[in-house]
Amino acid sequence: MTSPPDFPPLRTERLILRVLRAEDATALHRLVNDWEVAKNLARVRYPYELARAEEWVRSTWAQIAAGDAWHLAIVGEEDGSEGPVERLVGCVALTLDSDRKQAELGYWVGRKFWGHGVATEAAAALCRWALETLGLTGIHASALKDNARSAAVLQRVGLQPAGEAMQTFISRGGPMPVRLFRAGREALLAPPPETPRVEKPILLVAAVALVDADGRVLLARRPEGKPLAGLWEFPGGKVKPGESPEAALIRELKEELDIDVSESCLAPFTFASHGYEAFHLMMPLYLCRKWGGTIRPVEGQALAWVRPQQMGGYAMPPADKPLVAMLLDFL
Ligand SMILES: Nc1nc2c([nH]c(=O)n2[C@H]2C[C@H](O)[C@@H](COP(=O)(O)OP(=O)(O)OP(=O)(O)O)O2)c(=O)[nH]1
């Protein structure tokens, strides 16, 4: 064939999947003649010459015309001075098995376009097109065992692990271990599971473990009338809109304990992330060993200096349990 076959381009949110054109060969050669890309491709020789790219582009036209395989260019659009300009970012392909009921999925993306979900977006669109248009019963693929990135793409597209095998990789000069993936038509066409929505508001609270010279930590008892009243907690409080967690802590420590703490004495230590009934608590916990002034319970709250080993004897909010374990390890 001397010219590309008719194939209406597939459009995704960010990409166009279309037949390769003769003029794509230069960009294709530049992207594939990169060991980081070529080493993951079974049927590519490395180094990959421009003449091979030109020949391969033409071979894809015959395969599409025969209905054997669809190797499509993955193209992004960029703003140019005279309107949008197309840019080749990779290729995606489906090749029919000999029974013509199933197909093998393959793809590659140029190194500089990695990390943006291009392969997943393109592969999912081509699979959907093939299932709907060709009536395939399933799709399969393989990924080198050392290519975790590709295995993740296949699983995001909806393929499931289906064992391991050896497969010849021209680029690597021989057989290589691969992981196999496959999925049936129903699984692939099912709508993706909804990601659980966080309905609760996120409450940001800053707290601190004040540590004395003996390695004891100050706990304060939550006063009556407040939620979780009677439980022992790390001093701190809610971060106000526009306030940094450090500024909130400095303010709270002055209000609650009448001490002066400078930001440089607050060392980020760990954090609590806990779902309470009405909100989700995000609470960075700082460590502080140096403050100005003498600690006094301004709000009449009970205070206790407690070694981490003894904190089990103090009833604390559920969010604090993992923090105690961290302190126990660290102090
Ligand atoms: N300060 C602190 N709060 C904690 C800890 N563990 C934990 O679950 N919390 C929760 C309890 C509260 O829901 C929230 C802190 O809110 P708070 O009501 O004490 O905050 P605040 O001092 O700004 O109080 P207020 O002005 O609203 O009365 O974080 C902890 O170790 N220290």
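## Around the ligand

By class, the ligand shell is made up of 9 nonpolar, 2 polar and 4 charged residues; here Ala, Val, Leu, Ile, Met, Phe, Trp, Tyr, Cys and Pro count as nonpolar, Asp, Glu, Lys and Arg as charged, and the others, Gly among them, as polar. Keep in mind that this is a predicted model, in which local features need pLDDT of at least 70, side-chain atom pairs count only at pLDDT 80 or more, and totals for chains, interfaces and linings use all residues. Numbering starts from 1 along each chain as its sequence is written.

Which residues come nearest to the ligand? Of the 15 around it, they are Glu233, Gly236, Gly237, Lys238 and Pro317, where a residue is near if its C-beta atom, placed from the backbone, lies within 6 Å of the molecule. Two or more shell residues are given by each of β9 (202–210), β12 (236–238) and β14 (280–288). Helices (H or I, at least four residues) and strands (E, at least two) are DSSP runs numbered from the N terminus. β12 supplies the largest share of the shell, 3 residues.

## The chain as a whole

The protein chain has 8 helices and 15 strands. Of its 331 residues, 31% are buried, meaning 20 or more other C-beta atoms within 10 Å of the residue's own, against 12 or fewer for exposed and in between for partly exposed, with C-beta atoms placed from the backbone. Among contacts with a separation of 6 or more, 61% link residues 24 or more positions apart; a contact needs C-beta atoms, placed from the backbone, within 7 Å.

## A helix pair

Now look at α4 (residues 118–134) and α5 (residues 148–157): their axes come within 9 Å and cross at roughly 45 degrees. Axes are lines fitted to C-alpha atoms, for helices over the stretch in contact, with angles from 0 to 180 degrees between N-to-C directions. The two helices are therefore oblique to each other, as angles under 35 degrees count as roughly parallel, over 145 as roughly antiparallel, 65 to 115 as roughly perpendicular and the rest as oblique. On the α4 side, Ala119, Thr120, Ala123, Ala124 and Cys127 make the contact, and on the α5 side Val153, Arg156 and Val157. By class, the contact residues are 6 nonpolar, 1 polar and 1 charged.

Most residues other than glycine have a negative phi, and most peptide bonds are trans.

| Residue | Phi | Other C-beta atoms within 10 Å |
|---|---|---|
| Arg100 | about 60 degrees | 12, exposed |
| Asp258 | about 60 degrees | 13, partly exposed |

Arg100 sits in the loop between β4 (83–96) and β5 (102–109), while Asp258 is in the loop between α7 and β13 (267–275). There's a cis peptide bond too, joining Tyr46 and Pro47 with omega about -5 degrees. Pro47 belongs to the loop between α2 (35–38) and α3 (50–66).

Finally, Lys254 is part of helix α7 (residues 245–257). Is Lys254 buried or partly exposed? It counts as partly exposed because it has 14 C-beta neighbours inside 10 Å. Setting aside neighbours within four places in sequence, Lys254 is in contact with Ile259 and Asp260. Between the C-alpha atoms of Lys254 and Ile295, 41 residues apart along the chain, the separation is 9.4 Å.

Technical notes:
Contact = placed C-beta atoms within 7 Å.
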